[in-house]
Amino acid sequence: TTLSLYAAPRDRDALAADAADRLQELALGAAAGSDLQLQLVKAFAAHATTAGQLDLLGRIWNGAAVLDGLTIDTDLRWELLTALVAGARVGEAEIDAHLAMDATATGERAAAAARAAVPTPQAKLAAFHAAVDDVTLANALQSSTISGLLRVHDRSLLAPLVGPYFDALERVWAERTNETAQTIAVGLFPMQLTGTDVDVLAITDAWLAAHQDAPPALRRLVAESRDGVRRALAAQERDLG
């Protein structure tokens, strides 16, 4: 949360890279076969962004780099693959190939997240429409799709989704189940764009002002997300000081 929301935007990329370097160092130095080793590898994969970090992840994923004691099971292989997808190192072909080897409900969820992590505007828009408009999509697949959609190294990929998100809120609230609607309202709120060229606070305030008659529960969720934006902006300003 600190790296993604509270750090000053001008320093964010450098801080994130430093943090991932440290996670890499800790993962490589962890006791072989330990739970700590596994958790550090997962954390490193989730935060890897630089060429060197992604190179190492790729070698771990394809077996060229072996960490003593680390078992690359199906779940970890999906996590490594999704990180490589987000870093534009692999794509649909690798996702399809791995799903063919893990044709399970868990594999379907992991594949949905990986596809949504593909770093192109087309993939992000497709993931958005799947999560918001596909009424046949199971709740678990919807959640996985949203989590993958938010896996971005370049936050500008999310900017084109801000307008469609706010435009869809009332329709989603009226047409979908409470659980599904809440997942969309909270999960797709453009929090990650806080502090960018997209003025999330102003856009949210404008929606709240224009939708005084929206369902109170929906307004509450949007207002709570707005408060998260306010806190993040205050933290970013403090960090700049």
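Me: How do the residues lining the second largest pocket divide by class?

Reply: You get 5 nonpolar, 4 polar and 4 charged. Nonpolar means Ala, Val, Leu, Ile, Met, Phe, Trp, Tyr, Cys and Pro, charged means Asp, Glu, Lys and Arg, and the others, Gly among them, are polar. Keep in mind that this is a predicted model: local features need pLDDT of at least 70 and side-chain atom pairs count only at pLDDT 80 or more, while totals for chains, interfaces and linings use all residues. Numbering starts from 1 along each chain as its sequence is written, and side-chain values use heavy atoms, with hydrogens and water left out.

Me: What makes something a pocket and not a cavity?

Reply: Being open. On a 1 Å grid over the protein atoms alone, a cavity is a set of points where a 1.4 Å probe fits but cannot get out, whereas a pocket is an open set with protein on both sides within 12 Å along at least five of seven lines. Residues with an atom within 4 Å of a point count as lining. Here that gives 13 residues, with Trp78, Glu79, Thr82, Ala113 and Arg151 nearest the centre.

Me: Why is arginine 230 called partly exposed?

Reply: Its relative accessibility is 39%. Buried is under 20%, exposed is over 50%, and partly exposed is in between (1.4 Å probe, protein chains only), so the label follows.

Me: What makes the pairing of the arginine 230 and aspartate 227 side chains a polar contact?

Reply: The distance is 2.8 Å. The cut-off is N or O atoms within 3.5 Å; within protein, one must be able to donate a hydrogen and the other to accept it, and residues adjacent in sequence count only if both atoms are side-chain atoms. So the pair qualifies.

Me: What makes the 36 residues a nonpolar core?

Reply: They are buried Ala, Val, Leu, Ile, Met, Phe, Trp, Tyr or Cys residues joined through side-chain atoms within 4.5 Å. Leu149, Tyr165, Leu169, Leu188 and Trp207 touch the most other members.

Me: Which residues is leucine 149 in contact with, beyond four places in sequence?

Reply: Ala116, Ala117, Lys124, Ala127, Phe128, Leu158, Leu161 and Leu188, where contact means heavy atoms within 4.5 Å. There's also a second, separate core of 33 residues, including Leu40 and Phe44.
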